[in-house]
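Me: I'm new to reading protein models. Can we go through this one together, one question at a time?

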Amino acid sequence: MRNFYFNHDGNVDDLVSLLLLLQMPDVNLLGVGVTDADGYVEPASLASRKIIDRFGHEGRKPADVAKSNSRAKHQFPDAWRLSAFSFNDFPLLNEHGSKPHLPLATKPGHLDMIDKLQSSDKKVTLVMTGPLTDLARALKVDPTITEKIDKLYWMGGALNSQGNVAAPGADDTMEWNAYWDAKAVKTVWDSSLEIVMLGLDSTDQVPLTSKLRLRWAAQRSYPALDLIGQGYSLVHSFEANSIYYLWDVLTTLSSRYPELIEYKQVKTDVITTAPSEGRTYETKNGREVLFVTSVDAEAFYDKIDELAKLAPQG
Ligand code: AGV
Ligand code: CA
């Protein structure tokens with residue numbers, strides 16, 4: 001068994017990532033933290049608890065879910081944050097009522113992360129699919145957690161300056177999770193952690209297409225694939241700069257199945273001031289990260305199906 005901790009921020013691909021992490025046969029998910037970023041934290045944490053109730057496996061699922069009390073430097077657009085309410089209302093997650101069985105953790109996200117890491121008997125793979133704020137705060141409270149973290153897999157940043165933030169005062173070179181709290185990225189970069197970075201350069205290789213939607217629809221007799229299809233039906237791209245990708249799912253699956261990706265060592269840094277606040281870039285004086293360059297997209301889509309079919313039928 002491998003120990004994992006997952007911190008996400010409540011958009012559709014974050015919740016689908018949780019669903020799939022729960023299915024990995026040799027992954028013991030120690031804990032889950034939810035940041036109030038790309039999904040309202042209230043419905044996003046409720047939905048997380050219900051996903052674990054319905055799709056978790058005895059013996060390798062977390063005992064609770066922690067809500068983060070970290071706050072945005074730049075908050076996500078409301079139009080994106082609202083999908084967490086719809087997801088939490090899916091009939092598939094509310095068959096037995098609207099209250100999850102799984103409790104909320106007593107501590108906020110960053111302290112929950114410390115507790116779960118410190119109580120692990122072996123090193124933990126840390127997967128983060130939203131802003132890095134909870135980890136940055138955890139490192140300040142207890143820097144010794146670095147000894148408990150095997151690697152950090154983070155969905156965030158971009159090295160080609162092709163960002164996905166369109167906001168006044170921002171120059172379009174940064175990725176949203178980094179822009180939400182750029183100083184947190186800097187804090188994590190200043191730590192000794194081994195970081196695998198899935199920036200937009202790699203996630204751009206796995207867009208959400210209508211072909212994919214139909215592939216899931218055709219397999220909807222599997223409840224987890226039904227939920228995945230329903231989830232992604234909440235997100236559509238009507239503007240050129242808002243195409244939806246499988247950003248977080250790629251990050252999550254890569255953390256356990258690195259054969260899906262190729263990466264190289266690069267030295268990088270992050271800008272923490274406007275107008276490029278949150279922009280990550282390559283520089284020879286930077287800190288080393290393992291930067292994902294390419295994806296075996298077909299194997300990745302197959303892996304989603306394979307894992308989803310392992311979910312309890314109910
Ligand atoms: O920048 C990618 C991050 C991922 O963690 N999120 C979505 C994923 O959860 C922000 C984001 C960028 N474009 C979006 C986003 C869009 N069109 N809709 C929702 N979220
Ligand atoms: Ca996310």
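Me: In which sense do β6 and β9 pair, parallel or antiparallel?
Reply: Keep in mind that this is a predicted model. Look at where the two strands sit side by side: two bridges link β6 and β9. The sense of the β6 and β9 pairing is parallel.

Me: And which residue in β6 is the bridge partner of Trp 154?
Reply: Here we turn to β5, which is joined to β6 by four bridges. Those two strands, β5 and β6, run parallel. The bridge partner of Trp 154 in β6 is Met 197.

Me: Which residues point the other way from β6 than Ile 195 and Met 197?
Reply: In a regular strand, side chains alternate between the two faces of the sheet. In β6, Ile 195 and Met 197 point one way, and all four residues of this pattern are buried. Pointing the other way are Val 196 and Leu 198.

Me: Which strands are at the edges of the open sheet?
Reply: The sheet has nine strands with mixed pairing, in the order β3-β2-β1-β4-β5-β6-β9-β7-β8. An edge strand pairs on one side only. That picks out β3 (65-67) and β8 (280-282).

Me: How do β7 and β9 run, parallel or antiparallel?
Reply: Strand β7 covers residues 261-270 and strand β9 covers residues 287-295, with eight bridges joining them. Val 266 is a handy place to look, as its bridge partner in β9 is Val 289. The two strands β7 and β9 run antiparallel.

Me: What angle does helix α2 make with the direction of β3?
Reply: Helix α2 (residues 41-55) packs on the sheet. It touches β1 (2-8), β2 (27-34) and β3. The angle between the directions of α2 and β3 is about 175°.

Me: What about α12, at what angle does it run to β5?
Reply: α12 lies across several strands, among them β1, β2, β4 (124-128) and β5 (149-155). β6 (195-198), β7 and β9 are under α12 too, in the sense that α12 lies across them. Relative to β5, α12 runs at about 160°.

Me: How many residues of α12 are buried?
Reply: The helix is mostly covered. Its buried residues include Trp 247, Asp 248 and Arg 256. Out of ten residues in α12, the buried ones number ten.

Me: Is Thr 252 buried or exposed?
Reply: Thr 252 is in helix α12. It touches Phe 6, Ser 17, Leu 21, Met 24, Val 127 and Thr 129, leaving out residues up to four places away in sequence. Its relative accessibility is 0%, so Thr 252 counts as buried.

Me: How are α12 and α13 placed to each other, roughly parallel or roughly perpendicular?
Reply: The axes of α12 (residues 247-256) and α13 (residues 297-308) come within 11 Å and cross at roughly 80°. At the contact, Val 249, Leu 250 and Leu 253 in α12 meet Phe 300, Lys 303, Ile 304 and Leu 307 in α13. By class, that contact has six nonpolar, no polar and one charged residues. Angles of 65 to 115 degrees count as roughly perpendicular, so α12 and α13 are roughly perpendicular.

Me: How many residues apart in sequence are the parts tied together by Asp 14 and Thr 129?
Reply: Asp 14 is in helix α1 (residues 12-21), whereas Thr 129 is in the loop between β4 and α6 (133-141). Both Asp 14 and Thr 129 are buried. The pair therefore ties together parts whose separation in sequence is 115 residues.

Me: Which peptide bond is cis?
Reply: Most peptide bonds are trans. Pro 275, in the loop between β7 and β8, is part of a bond with omega near 5°. That cis bond runs from Ala 274 to Pro 275.

Me: What is the phi of Asp 172?
Reply: Most residues other than glycine have a negative phi. Asp 172 is in the loop between β5 and α7, and it is partly exposed, with a relative accessible area of 43%. Although it is not a glycine, Asp 172 has a positive phi of about 75°.

How values were computed: Residues are numbered from 1 along each chain as its sequence is written. Chains are lettered from A and ligands numbered from 1 in the order in which they are written. This is a predicted model: local features need pLDDT of at least 70, side-chain atom pairs count only at pLDDT 80 or more; totals for chains, interfaces and linings use all residues. Side-chain values use heavy atoms; hydrogens and water are left out. Axes are lines fitted to C-alpha atoms, for helices over the stretch in contact, and angles run from 0 to 180 degrees between N-to-C directions. Angles under 35 degrees count as roughly parallel, over 145 as roughly antiparallel, 65 to 115 as roughly perpendicular and the rest as oblique. Contact means heavy atoms within 4.5 Å. Ala, Val, Leu, Ile, Met, Phe, Trp, Tyr, Cys and Pro count as nonpolar, Asp, Glu, Lys and Arg as charged, and the others, Gly among them, as polar. Two strands pair if DSSP finds at least two bridges between them. Buried means under 20% relative accessible area, exposed over 50%, partly exposed in between (1.4 Å probe, protein chains only).
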